[in-house]
Amino acid sequence: MSGRGKVVCVTGASGFIASWLVKLLLQRGYTVHATVRDLADSKKTEHLCALEGANERLHLFKANLLEEGSFDSVVKGCEGVFHTASPCYGNAIDPQAELIDPAVKGTLNVLSSCVKTPSIKRVVVTSSTVAVEYNGRPRTPDVVVDETWFSSAEFCKQAKLWYELSKSLAEEAAWKFSKDNSIDMVTIHPSMVIGPILQPTLNGSSARFLKLIDGSSTYSNISHGWVNVKDVGMAHILAFEVPSASGRYCLVERVAHHSEVVKILREQYPALKLPESRCADDKPFMPIYQVSKEKVKSLGIDYIPLETSIKEAIESLKKKGFVSF
């Protein structure tokens, strides 16, 4: 109960990662100020209010990323702030309004509220490996990506990678602001996050995972990192609690091609209707690469294996009614 007597804030608390973060914080004895966009939307609040310890130590607030000062009252009296709120989807019609503005302006609004609050000791911002990996550098089996890599805004613009651009610009703005205003900030960079879902709605990464088991005849020619949502939640907490934590932390248990994930699924669930052993295109498989685990080890994270994460994700999707077999 290392959080007993301590008050922290979680923005975007109804999200996949944030819901787990709230759950783990409550388990550790913290009092949590949690923000959602709409307090009247039970899909955003009911699962949070049902968490153990929520009756006594969870306080819900309405806050808008684009509204200046919206987070002032929320962070008041907090020692730590976990900023997870940021839109996450790939098919934006107006990327500037839908992704970039909420990500960048929202982050700066939260940090601006933190500057006004002397009780805050550290801010932990949820970024993504997409703010690390997209810079045109090759990613092949002998390449090790680490925290010194930064995505290039120009590269993301040219490739029309709008979500990747939003996370990159938000992180860049956050580091500049935190340095200019002497904020002790840490950024967390998870890859594709899977595992059990707490919220009643399907989040972006779980929806993408679900596509592998929705009866499709092929799988995408994609390789990327995978990590369990519980590890991501705990990494946020340790980034706040460990005094020496600083800078950026990449969270990747393993980089795997979708063909490997389908193979694991086939072994675990022989009855599941999975894509045949056929890729969506005839090109060579996108190569896997490595992501350094050295820095995150210093936080004390011991990753849950991908096989376990896949099993937990499937069982959770079944329980929530998103898949049946």
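Buried means under 20% relative accessible area, exposed over 50% and partly exposed in between, with a 1.4 Å probe and protein chains only. The model shown is predicted, so that local features need pLDDT of at least 70 and side-chain atom pairs count only at pLDDT 80 or more, while totals for chains, interfaces and linings use all residues. Residues are numbered from 1 along each chain as its sequence is written, and side-chain values use heavy atoms, with hydrogens and water left out.

**View 1. Overall fold of the protein.** The protein has 13 helices and 12 strands, where helices (H or I, at least four residues) and strands (E, at least two) are DSSP runs numbered from the N terminus. Its radius of gyration is 19 Å, close to the 20 Å that the globule rule gives for 325 residues, so the protein is as compact as a globular protein of that length; the radius is taken over C-alpha atoms, and the rule is 2.2 Å times the number of residues to the power 0.38. Of the 325 residues, 54% count as buried. Among contacts (heavy atoms within 4.5 Å) with a separation of 6 or more, 79% are between residues 24 or more positions apart.

**View 2. The pair of Phe209 and Trp226.** A search of the whole structure finds five aromatic pairs, a pair being rings of Phe, Tyr or Trp (its six-membered ring) with centres within 6.5 Å, and planes under 30 degrees apart count as stacked, over 60 as edge-to-face and the rest as tilted. The ring centres of Phe209 and Trp226 are 6.5 Å apart and the planes stand at 80°, so this pair is edge-to-face. Because Phe209 lies in helix α9 (residues 204–210) and Trp226 in strand β9 (residues 223–228), the pair ties together parts that are 17 residues apart in sequence. Both Phe209 and Trp226 are buried.

**View 3. The pair of Tyr269 and Phe325.** Tyr269 and Phe325 form an edge-to-face aromatic pair, with 5.5 Å from centre to centre and 85° between the planes. Tyr269 lies in the loop between α11 (258–268) and β12 (290–291), and Phe325 in the segment after α13 (306–319), so the pair ties together parts that are 56 residues apart in sequence. Tyr269 counts as buried, at 7% relative accessibility, whereas Phe325, with a relative accessible area of 42%, is partly exposed.

**View 4. An aromatic cluster.** Tyr30, Phe82 and Phe240 together form one aromatic cluster.
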